[in-house]
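Let's take a friendly look at the aromatic rings in this protein and at how they pair up. Have the sequence and the model open as you read.

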Amino acid sequence: MVDATAVLTDLRAESAELDALVAGLDPAGFATPTPAEGWTIAHQIAHLAWTDQWSLLACRDGDRFTAEATAIYASGVDPVDAGAAAGVGEDPAALLERWRASREELAVELASVAGSGRRLPWFGPPMKAASMATARLMETWAHGQDVADALGVTRPPTDRLRHVAHLGIRTVGFAFALHGAPVPEAPIRVELTSPSGELWAWGPADAVDSVRGPALDFCLLVTQRRRPDELDLTVTGPVVAAWLPIAQAFAGFPGKGR
């Protein structure tokens with residue numbers, strides 16, 4: 001079982017690390033293009049704030065979340081792009097404060113919901129508070145990677161990546177289903193070397209299908225920040241060979257680029 005308190009602690013740390021990367025940027029810096037096609041650094045931060053607001057709505061009023069999500073998709077507007085575009089031209093200090101406020105408000109809300117056991121609606125499958133916190137950490141890390149790449153910065157990986165890796169493994173079936181493929185029944189073994197040198201493992205040791213390598217590389221893969229051929233991952237078995245090119249730890253279809 002995922003410990004919501006531990007995930008929220010790591011989410012705050014992950015957010016603070018990205019905050020430190022962008023806090024000193026001027027408007028020109030926020031306009032820097034990132035590897036996500038059509039998105040600047042401002043888009044990235046605005047997207048995180050936008051997602052926090054939708055997450056808050058899911059926590060506070062699930063029926064309203066479902067109704068508003070249904071309405072916005074019916075309108076033909078891409079809510080993800082629209083939410084990200086809201087940051088373009090916004091004063092960087094105001095954008096940062098908006099993100100800081102939304103992420104802290106969400107952390108408090110998720111902590112209060114965590115003990116209830118209820119599932120929160122989302123654009124993908126509904127999830128409990130701990131899983132939503134894990135998803136927020138994954139998104140923060142992944143979009144932080146886009147920002148770091150845009151700025152030419154190398155971020156030292158941390159053991160917070162365990163949350164990203166765990167989500168990437170939990171979404172195997174979702175990735176296949178999203179692409180109209182049968183969800184595999186065969187078990188998968190995943191062995192990753194953590195940034196601190198610990199071995200992280202999921203699945204039966206005798207599984208035919210397996211993937212092994214550095215946790216950082218696996219997380220870059222399941223967040224689609226790098227292609228499989230760019231990473232040091234050892235793949236065995238047909239199920240894993242079919243999974244890795246479509247692996248994703250996020251809801252919805254991937255956009256253009258990253």
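Ring pairs join Trp50, Trp54, Phe65, Tyr73, Trp122 and Phe123 into a cluster. Here, rings of Phe, Tyr and Trp (its six-membered ring) pair if their centres lie within 6.5 Å; planes under 30 degrees apart count as stacked, over 60 as edge-to-face and the rest as tilted. The model is predicted, so to speak of local features takes a pLDDT of at least 70, side-chain atom pairs count only at pLDDT 80 or more, and totals for chains, interfaces and linings use all residues. Residues are numbered from 1 along each chain as its sequence is written, and side-chain values use heavy atoms, with hydrogens and water left out.

The structure holds nine aromatic pairs.

| Pair | Centre distance | Plane angle | Class |
|---|---|---|---|
| Phe65 and Trp122 | 5.6 Å | 20 degrees | stacked |
| Trp122 and Phe123 | 5.0 Å | 70 degrees | edge-to-face |

Phe65 belongs to helix α4 (residues 62–74), while Trp122 sits in the loop between α6 (92–113) and α7 (129–151), so their pair ties together parts 57 residues apart in sequence. Helices are DSSP runs (H or I, at least four residues), numbered from the N terminus.

Phe65 is buried at 1% relative accessibility, and Trp122 is buried too, at 17%. Phe123 is partly exposed at 25%. Buried means under 20% relative accessible area, exposed over 50%, and partly exposed in between (1.4 Å probe, protein chains only).

How values were computed: Helices (H or I, at least four residues) and strands (E, at least two) are DSSP runs, numbered from the N terminus.
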